[in-house]
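Here are my notes on the two kinds of contact in this model, within one chain and between chains. Please read them beside the structure.

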Amino acid sequence: MLKGVSLSVAEGECLALLGPTGAGKSTLCLCLNGLIPHLVEGTFRGGVHVAGHSTLESTPGELSQTVGLVFQDAESQFVSMTVEDEVAFGLESLALPPDEIERRLTEALEMTGVAGLRSRSPLELSGGQKQRVALAAVLAMRPRVLVLDEPTTNLDPVGKAALLKAIRRLRKAWGTTVVWVTQDVDWVPQLADRVAVLWNGRIALIGGLPEVFDQGALLRRMGLRVPQVRELAARFDRAGQGGHAWLGMDEAAGVLRGRLGG
Amino acid sequence: MRQRGYCEDGLVARVAIELENCSYTYDGRVRALREVSCAIEAGSWVALVGQNGSGKSTLAKLCNGLLRPQQGRVRINGVDIRHRPVGSVAREVGYLFQNPDHQIFAPTVREEIAFGLRNLGFPSPEREQRLWSALEAFDLTAYADHPPAVLGFGLRRQVTVASLFAWGPPILILDEATQGLDWERSERLLDRLRERQDAGHTILFITHDMRLVAERASRVMVLHQGKLLAEGPVREILARPDLLARASVSPPPVTHLSQLLRPWGMKGESLTVEDFYCEYSALLAEREGV
């Protein structure tokens with residue numbers, strides 16, 4: 001699944017991880033929180049260090065306070081009858097004092113914008129709300145590294161925007177390091193500092209957004225798209241009206257407006 | 001735009017799916033659909049969009065008889081399906097569940113696809129022929145004897161689509177068929193669907209991917225809180241950001257960009273990169289007096 005992957009993510013950075021189905025993205029996520037090699041069968045070679053902890057020398061339980069993992073399907077992670085119990089579940093298993101649990105619980109719910117849903121059942125929430133509750137449950141553990149495995153896949157645009165907003169808020173407040181697996185390439189410029197492309201179990205491309213998304217032809221051969229705004233910039237380039245490398249909407253609108261004399 | 005869905009005489013559009021004043025309430029309390037009326041022409045590709053929980057899947061399940069409206073009528077090819085068993089409706093309406101695991105149950109890929117064919121009474125030689133051409137169309141030949149459960153999500157999804165294609169119902173309803181697929185697999189699936197549409201089949205496609213809607217669909221239906229907020233040609237609907245915002249749907253990036261440039265002369269209805277580029281270039285040439 002993974003073949004000789006070397007990768008480092010700086011503290012506080014957000015790395016977007018792209019790749020076609022079966023490239024090894026989820027496998028890489030499971031290596032980061034120690035479920036590989038501790039719980040998933042297979043052959044593991046090499047080493048993974050997360051915030052100074054070796055995943056080989058720590059148990060997944062110990063790592064859960066350093067690395068938080070949110071999956072695509074939040075529902076499969078839910079174990080409790082209320083949002084409050086769901087978010088407090090991990091904290092209670094750490095045997096923290098009740099006032100500390102309450103403090104972290106409130107903070108996580110506020111950070112993710114679900115404080116108003118505290119006494120609701122997680123199962124009756126919308127997809128976007130469920131994903132934010134799953135995120136809150138992970139945040140309550142105060143992880144220094146957050147690993148998001150396609151958290152927005154099942155969400156409508158409003159749900160996606162709300163989740164990304166919560167992650168931005170979190171990075172600003174705590175400087176959390178984020179590894180974000182996604183297929184939603186148009187949303188990548190909103191959050192990521194760098195992009196890595198995983199293909200056939202190897203890192204095929206890694207770098208800043210402009211450099212990676214410059215490789216449109218290569219990405220297409222790997223079954224991936226580039227953000228549509230970047231595609232548009234490339235279309236202007238091909239027509240000899242070059243020099244554009246927009247990634248963001250505002251940037252593109254500014255330049256295009258300027259050329260129309262606005 | 002290509003014209004589709006017309007009878008041989010070229011005059012009258014045939015309606016494949018018709019909902020008349022349909023309402024549906026789950027458990028007598030969650031009102032999922034409220035008095036929805038719509039007509040989908042044969043041979044059209046209609047995208048059904050709206051927020052999570054807006055009633056999209058409920059509407060789809062009314063069309064294939066999995067759910068029965070508590071109020072209103074559903075007609076498939078002009079026939080009220082009220083008293084028809086689900087199995088009989090399924091001969092005309094193929095349905096792809098949002099989650100492939102909700103419909104996969106056979107021990108091998110080959111048997112999974114053969115099951116539906118046998119059920120629908122295809123004779124043995126034709127069954128084999130349909131089975132293998134479906135496997136080929138979705139690059140599944142190498143997996144024919146694999147248990148579906150050991151395949152990845154993308155391949156499991158392809159198995160369910162291949163099952164539908166094998167017996168080729170004239171109406172296809174697909175709930176988030178491309179979700180979780182990478183771009184290449186997604187494009188391949190959409191190309192196969194386009195071929196079916198060109199052969200006159202009707203496609204109702206539920207999705208959140210507005211880039212896909214802009215590139216592939218001929219018409220769009222927008223659902224919001226169980227009501228049909230709007231229905232029309234893709235270009236017309238995507239050009240209305242206020243309407244889309246009410247339904248918590250956002251247009252694709254290039255459409256949005258063309259709307260930001262409306263005060264400078266763009267029409268705000270670009271559907272693709274090429275669309276945007278052509279309109280912008282023409283506008284620029286006009287400004288520069290070329």
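1. B:Arg188 and B:Asp139 form a salt bridge, with their closest N and O atoms 2.8 Å apart. The rule finds 1 salt bridge across the interface of domain 1 and domain 2 of chain B. The model is a predicted one.

2. The domain assignment divides chain B into domain 1 (1–92 + 169–249), domain 2 (105–164) and domain 3 (252–290). Between the C-alpha centres of domain 1 and domain 2 of chain B the distance is 25 Å. Domain 1 of chain B brings 13 residues to their contact, and domain 2 of chain B brings 12.

3. About 1,100 Å² is buried between domain 1 and domain 2 of chain B, with 60% of it on carbon and sulfur atoms. Polar contacts between these two domains of chain B number 5 residue pairs, both residues at pLDDT 80 or more. On the side of domain 1 of chain B that touches domain 2, β7 (171–175) and α6 (183–198) of chain B each give two or more residues. α6(B) gives the most, with 4 residues.

4. Of the area that chain A buries against chain B, A:Arg225, A:Gln228 and A:Leu260 supply 23%, more than any other three residues.

5. Which residue does B:Arg211 meet in a salt bridge? The partner is A:Asp186, at 2.8 Å, N to O. Across the interface of chain A and chain B the rule finds 4 salt bridges.

Methods:
Residues are numbered from 1 along each chain as its sequence is written. Chains are lettered from A and ligands numbered from 1 in the order in which they are written. This is a predicted model: local features need pLDDT of at least 70, side-chain atom pairs count only at pLDDT 80 or more; totals for chains, interfaces and linings use all residues. Side-chain values use heavy atoms; hydrogens and water are left out. Buried area is the accessible area (1.4 Å probe) that two parts lose on being put together, summed over both. A salt bridge is a side-chain nitrogen of Lys or Arg within 4 Å of a carboxyl oxygen of Asp or Glu. Domain bounds come from an automatic or database domain assignment. Contact means heavy atoms within 4.5 Å. A polar contact is a pair of N or O atoms within 3.5 Å; within protein, one must be able to donate a hydrogen and the other to accept it, and residues adjacent in sequence count only if both atoms are side-chain atoms.
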